[in-house]
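Please look through the sequence and the model below before reading on.

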Amino acid sequence: MNTYLRIIRYAIPYWKYILLTFICTIFYAIMNGTSVYLTIPLLDTLFQETNKTTKVESQELKTKPSVFPEWVEKTKENISKNFNDYILQGQKKDVLLKICIVIVLAFFLKNLFGYLQGNLMAYVEFAAMKDLRDQAYMHLHKLPMSYFKKERVGNLISRFTNDIGVIQSSISATFSNLIKEPLTILVFLFIAISISWQLTLFAFIILPFSMVIIAWIGFKMRRQSSKLQSKQADITSVLQETISGVKIVKAFGMEDYENKKFMKETKSFFKLVIKIVLVRNASSPLTEFLSVIVGSFIIYYGGLLVLEDNTISASQFLGFLFAIFQMMPPIKELSSINNRIQEASAAADRIFEILDTQPSIKDSTNAIELKNFNDSIEFKNVSFKYEDSEDWILKDISFKAQKGEIIAFVGPSGGGKSTLVDLIPRFYDPNIGSILIDGEDIRNFTLKSLRSKMGIVTQETFLFNTTIRENIAYGLTDCSEEKIIEAAKTANAHNFIIELPLGYDTIIGERGVKLSGGQRQRLAIARALLKNPEIMIFDEATSALDNESEILVQEAIERLMKNRTTFVIAHRLSTIRNATKIIVIDKGQIVQAGKHEELISQEGKLYKKLYEMQFRDINENFDGK
Ligand code: ADP
């Protein structure tokens with residue numbers, strides 16, 4: 001229930017609309033009641049033999065004690081007096097016509113208010129869900145990298161699509177109904193009591209019997225719908241993984257395996273869905289059947305009141321029955337509202353789980369701006385391990401980079417190089433030790449100012465599904481065309497861009513033009529050049545590129561490094577030669593550090609081995625070409 005109240009809170013900013021909805025709902029319920037109540041004079045007019053009014057008729061019945069306060073009785077009397085005077089006077093034919101006109105009017109107003117109420121409520125619900133979705137999305141950006149490593153992408157996407165969908169559809173059904181149905185019930189209850197409180201009391205003594213069964217169904221639904229949502233997320237996850245890893249699946253001939261995996265998920269989803277359907281579908285017929293049983297008891301008891309007690313007239317009894325039966329759909333609706341609230345709550349729990357995840361990496365309370373980078377970046381006894389992992393990935397790393405230097409990291413894969421450079425923009429924080437910029441711990445700077453000083457080019461260049469221009473100028477709001485072109489030229493990208501059908505306006509990415517690995521890298525470099533960061537972080541990967549591309553990318557990289565402090569995970573010898581300092585990392589530790597010439601002269605050490613290995617590869621490649 002708490003979760004549901006939390007959903008409702010998103011509607012509070014739209015309280016004006018809710019208020020209007022409420023007013024419309026009141027009129028809707030009154031008109032609904034009126035339209036049913038009108039059946040009594042209608043029946044009287046049709047079946048009474050004389051030309052007398054219902055008032056006279058009711059005087060012939062035994063007087064009933066009133067259950068309402070005096071003012072209610074007075075108002076009732078006033079209304080019925082006016083009704084009698086204006087509508088029920090005259091010839092039967094005229095009265096019939098007048099009653100028909102009033103009925104049409106009542107139905108027209110009822111539907112008009114129903115329509116207004118529906119629209120207003122929909123506005124509130126969709127607006128509230130938009131806010132929730134936006135808030136969750138914004139929060140997603142605050143979460144650390146570790147969160148995204150832990151959560152499957154499909155699972156997260158499913159929360160934004162399926163789960164919000166469930167909340168939305170159930171809210172649209174419940175929120176308005178939660179006001180509308182009880183009000184409708186109240187109005188009909190009022191009518192029923194005015195006709196005969198004994199009969200109403202009798203009805204309400206036997207009604208709870210059906211309520212217990214309805215509540216039990218709701219309880220069943222609650223337990224299963226939360227399972228359903230997480231199963232749905234599992235399917236999305238498998239699908240998402242297959243789509244992004246389609247190449248690997250094909251290359252390894254794993255289609256059958258993946259098919260089986262997927263079918264296992266869909267099968268258990270199917271089983272669960274069927275279970276839920278069985279319960280949900282049982283809900284309506286059961287409730288209806290119970291209502292009929294209850295109804296029959298009432299008809300029997302009420303019939304006796306008419307035939308033997310003579311406390312109510314036949315037309316009033318029919319009016320009473322209409323009122324009671326009009327109460328059934330809202331009661332039924334209310335019972336399904338409970339199910340829907342449970343479904344929505346289960347879905348909302350999964351959204352709120354995102355919102356409730358506190359970002360572990362955020363600005364400290366007294367964070368300051370990193371205005372200028374003047375002197376050095378230093379790692380001081382840094383040790384690091386990933387959350388949920390026992391192994392230390394980095395162990396006691398210490399080194400200092402002066403402004404303007406190129407620091408290259410080399411070493412066997414899995415040694416911890418990528419992890420190390422991820423600590424500089426605070427994608428992760430060290431567990432022990434610290435990283436200092438100009439002597440100040442980077443945790444004391446605001447994340448925004450820290451990251452604004454850095455540019456990052458990684459192996460997997462990510463491009464957004466938009467124009468080349470926007471991809472290059474990513475994050476820069478007003479950037480002149482000349483600057484974009486200049487960056488593209490420096491990155492050796494301009495020539496291939498202008499050959500594309502729409503030049504800088506060509507849409508790239510999933511639904512646009514496909515680019516080669518080298519072209520993508522050059523765009524990423526242009527993007528970094530345009531941002532013009534003082535500190536550049538590079539996961540230099542040219543191994544996947546063809547020769548020509550590689551030369552073009554290499555040139556671009558060298559231009560990008562100029563006049564900056566660069567950290568580079570080096571795969572290429574040329575970068576290593578240019579580096580001010582080479583740091584050799586193996587199993588999370590610095591095993592060697594120095595200039596190329598120094599390191600190469602250290603016999604039997606890792607660097608020389610790596611160097612020789614690469615050199616051999618290059619010669620082999622060269623010979624082979
Ligand atoms: P390198 O860049 O030198 O190849 P990495 O920094 O990528 O090395 O990886 C170092 C080690 O950390 C590897 O053993 C890898 O399995 C592990 N690792 C990398 N990312 C994560 C992660 N998100 N969670 C747990 N372990 C990780």
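In which strand is Thr 566 found? Thr 566 is found in strand β8, residues 565–569, where strands (E, at least two residues) and helices (H or I, at least four residues) are DSSP runs numbered from the N terminus. The model is a predicted one, in which local features need pLDDT of at least 70 and side-chain atom pairs count only at pLDDT 80 or more, while totals for chains, interfaces and linings use all residues. Residues are numbered from 1 along each chain as its sequence is written, and side-chain values use heavy atoms, with hydrogens and water left out.

Is Thr 566 buried or exposed? Thr 566 counts as buried because its relative accessibility is 0%; buried means under 20% relative accessible area, exposed over 50%, and partly exposed in between, with a 1.4 Å probe and protein chains only. Leaving aside neighbours within four places in sequence, Thr 566 is in contact (heavy atoms within 4.5 Å) with Glu 405, Ile 406, Ile 407, Met 536, Phe 538 and Met 561.

Next comes a sheet. Four strands form an open sheet in the order β2-β1-β4-β5, with antiparallel pairing, two strands being paired if DSSP finds at least two bridges between them. Its edge strands are β2 (394–402) and β5 (440–441), each of which pairs on one side only. Strand β1, residues 376–384, runs antiparallel to β2 and is joined to it by six bridges, and Phe 379 stands opposite Phe 399 in β2.

Oxygen atoms of the ligand lie 2.6 Å from a backbone N or O atom of Gly 414, 2.9 Å from a polar backbone atom of Lys 417 and 2.4 Å from a polar side-chain atom of Thr 419. Taken alone the ligand exposes 560 Å², of which the protein buries 62%, the accessible areas coming from the Shrake-Rupley method with a 1.4 Å probe.

Finally, helix α3, residues 39–47, is mostly covered, with seven of its nine residues buried: Thr 39, Ile 40, Pro 41, Leu 42, Leu 43, Asp 44 and Thr 45.

Key:
A polar contact is a pair of N or O atoms within 3.5 Å; within protein, one must be able to donate a hydrogen and the other to accept it, and residues adjacent in sequence count only if both atoms are side-chain atoms.
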